[in-house]
Amino acid sequence: MINVDERLMKCFLFAQIHKNEGEEFSDTSIIDKYTVPFIKSCQELLLLQEDMDEETVKFRVYEIGKSYYGEKELRTWFSHLYLLLLKEEKGPRLPTFIMLIGINNFKDKISQRLSNPFLGW
């Protein structure tokens, strides 16, 4: 598995979640709630295989998201992924994006961003 600095990921998620708030935050429980599930879900995305078809990728992506964030917070998970990968809160449907850039290329991007979520910012 890729080496992930959990403290750095907490900082990244904190900065992204609160970037538009303009106020000081002392309650980091929301960050603690998401950090480990987000890291683990990204690591699971690294298990996607290059020979998977789009339907299989779609199934796995949604399965991974729901298993770590739950059905109700699936949008939050996608938002965190888009912030990590694209520096935007929204993006194309993730399975389509993965197939468009290629599974191995997607996995390379995830690995790079897990190593340093602020890369390129």
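My entries follow, from the whole chain down to single residues.

**Ground rules.** I am working with a predicted model, in which local features need pLDDT of at least 70 and side-chain atom pairs count only at pLDDT 80 or more, while totals for chains, interfaces and linings use all residues. Residues are numbered from 1 along each chain as its sequence is written, and side-chain values use heavy atoms, with hydrogens and water left out.

**Confidence.** I looked up pLDDT, the predictor's confidence in each residue from 0 to 100. The protein chain has a mean of 83, and 76% of its residues reach 70 or more. Among the elements, helix 3 has the highest mean pLDDT (97) and helix 1 (residues 6-17) the lowest (68).

**Fold.** I found six helices and zero strands; these are DSSP runs numbered from the N terminus, helices being H or I with at least four residues and strands E with at least two. Of the 121 residues, 39% are buried, where buried means under 20% relative accessible area, exposed over 50% and partly exposed in between, with a 1.4 Å probe and protein chains only. I also noted contacts (heavy atoms within 4.5 Å): among those with a separation of 6 or more, 65% join residues 24 or more positions apart.

**Helix 4 against helix 6.** How do helix 4 and helix 6 pack? I read an angle of about 90° between helix 4 (residues 74-86) and helix 6 (residues 103-115), with their axes 9 Å apart. Helix 4 is therefore roughly perpendicular to helix 6, a label for angles of 65 to 115 degrees (under 35 is roughly parallel, over 145 roughly antiparallel, the rest oblique). The axes are lines fitted to C-alpha atoms over the stretch in contact, and angles run from 0 to 180 degrees between N-to-C directions. From helix 4, Leu81, Leu84 and Leu85 meet Phe106, Lys109, Ile110 and Arg113 of helix 6.

**Leu48.** Is Leu48 buried or exposed? Leu48 counts as buried because its relative accessibility is 1%. I placed Leu48 in the loop between helix 2 (29-45) and helix 3. Leaving out residues up to four places away in sequence, Leu48 touches Arg60, Ile98, Ile103, Phe106 and Lys107. Leu48 and Lys107 are 59 residues apart in sequence, yet 7.9 Å apart in space, C-alpha to C-alpha.

**Arg60.** I then followed Arg60, which sits in helix 3 (residues 54-69). Beyond its neighbours within four places in sequence, Arg60 contacts Glu44, Leu48 and Met52. The side chains of Arg60 and Glu44 make a polar contact at 3.0 Å; that term covers N or O atom pairs within 3.5 Å, where within protein one must be able to donate a hydrogen and the other to accept it, and residues adjacent in sequence count only if both atoms are side-chain atoms.
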